[in-house]
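Q: I would like to learn how to read a few features of a structure. Could we go through them one by one?

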Amino acid sequence: MEKTDLQPAATGGVSGEAVHSHTHDHQAVPSDLALRVKSLESLLVEKGLVDRAALDALVDAYENKIGPRNGARVVARAWTDPAYKQRLLTDANSALAELGFAGQQGENMVVVENTPEVHNVVVCTLCSCYPWPVLGLPPVWYKSAPYRSRTVMDPRGVLNEFGTAIPQDVEVRVWDSTAELRYLVLPERPADTESLTEEELAALVTRDSLIGVAKLAPPTSEGRA
Amino acid sequence: MSGIEPYPTAESALIAALPRPPGDEDGPVFAEPWQAQAFALAVKLSEQGHFTWKQWAEALAAELAAAAARGEPDDGSHYYEHWLAALERLVTARGLTDPAALAARKHAWAEAYRHTPHGKPVELEAVHQPIP
């Protein structure tokens, strides 16, 4: 059902080298534990004993709890430790491994930095490749055909729908994740956060900012947004 | 299509009744997607009346106790492995499926992954197609 939008995505007008082509080797077989869960789930869903949509809704509700915390820690470290940030931007795999976050299937990670001049946003046009060791489960919209196709064709329009208006003088770069190469956005550090600890900074970082569909707001007196 | 959903509190209360889940003040924390899927399966099967949450807690506690008796470290790092084992045990005990079906399905999924090109949804039918 998601195939119909693949071609528009693949031929979308994106400048420069931003969209990378997929290779067509076969998929990595999930871990034994993941296969057991998948088997149990598919059998029970087929028998009508449990509703797939209800399962998806529950997992979706938890998605923001799983991995973005890891990604948030990486970002907070990069904001507070310039040497770490440099390592993160030049060799993300090693820098992530320093904090204990390693790809489970051998995929390579690339971290792209948002600046006042450049805004980065990540998509997987062909499926839903996602750096789950640092971001957890992909949100439902990330897997949706409209996001996958339109982010490449009209990134500013999609970002607007997320409430993220990017000024015309800021370049928008779209990064197409693959099974082998997955992207993480390093968002800009919000203003008025000089006095915060690394832990407090991590609490400001949202999943959407790590995908690049949102910017981070300065902290409020209420605490976490 | 944006925004972060409010954290569900009903499930948080449920898991507060369980032995020692890895989590924080907001509820459970998962290290890998399969853990969240296993978690959701137990919650939804119970909600739909296939077992009570008390039965679930007892099944999970039994797995954790068995692991402790085997001398496994009691640090929560294998919590969801025990969760999955408890789930498999409980659904087969209640006749929702059986071990042979689970084993056959697991083999079929592994074959499907091996035969599906990247970018295509992995479906069980893929196993019947030749390797390109």
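Reading strands and cores

A: This is a predicted model, in which local features need pLDDT of at least 70 and side-chain atom pairs count only at pLDDT 80 or more, while totals for chains, interfaces and linings use all residues. Residues are numbered from 1 along each chain as its sequence is written, and chains are lettered from A and ligands numbered from 1 in the order in which they are written.

Q: How many helices and strands does chain B have?
A: Helices (H or I, at least four residues) and strands (E, at least two) are DSSP runs, numbered from the N terminus. Chain B has five helices and two strands, in the order α-β-β-α-α-α-α along the sequence.

Q: How many residues of strand β2 of chain A are buried?
A: A residue is buried if 20 or more other C-beta atoms, placed from the backbone, lie within 10 Å of its own. In β2(A), residues 118–123, five of six residues are buried.

Q: Which strand is joined to β2(A)?
A: Two strands pair if DSSP finds at least two bridges between them. Six bridges join β2(A) to the parallel strand β3 of chain A, residues 171–176. Across this pair, A:V122 stands opposite A:W175.

Q: Which residues touch the most other members of the largest nonpolar core?
A: A nonpolar core is a set of buried Ala, Val, Leu, Ile, Met, Phe, Trp, Tyr and Cys residues joined through C-beta atoms within 7 Å. The largest has 41 residues, and A:V75 and A:V205 touch the most other members. Helix α4 of chain A, residues 68–80, gives the most to this core, with six residues. Apart from it lies another core of 31 residues, including A:L58 and B:F30.

Notes. A residue is buried if 20 or more other C-beta atoms lie within 10 Å of its own, exposed if 12 or fewer, and partly exposed in between; C-beta atoms are placed from the backbone.
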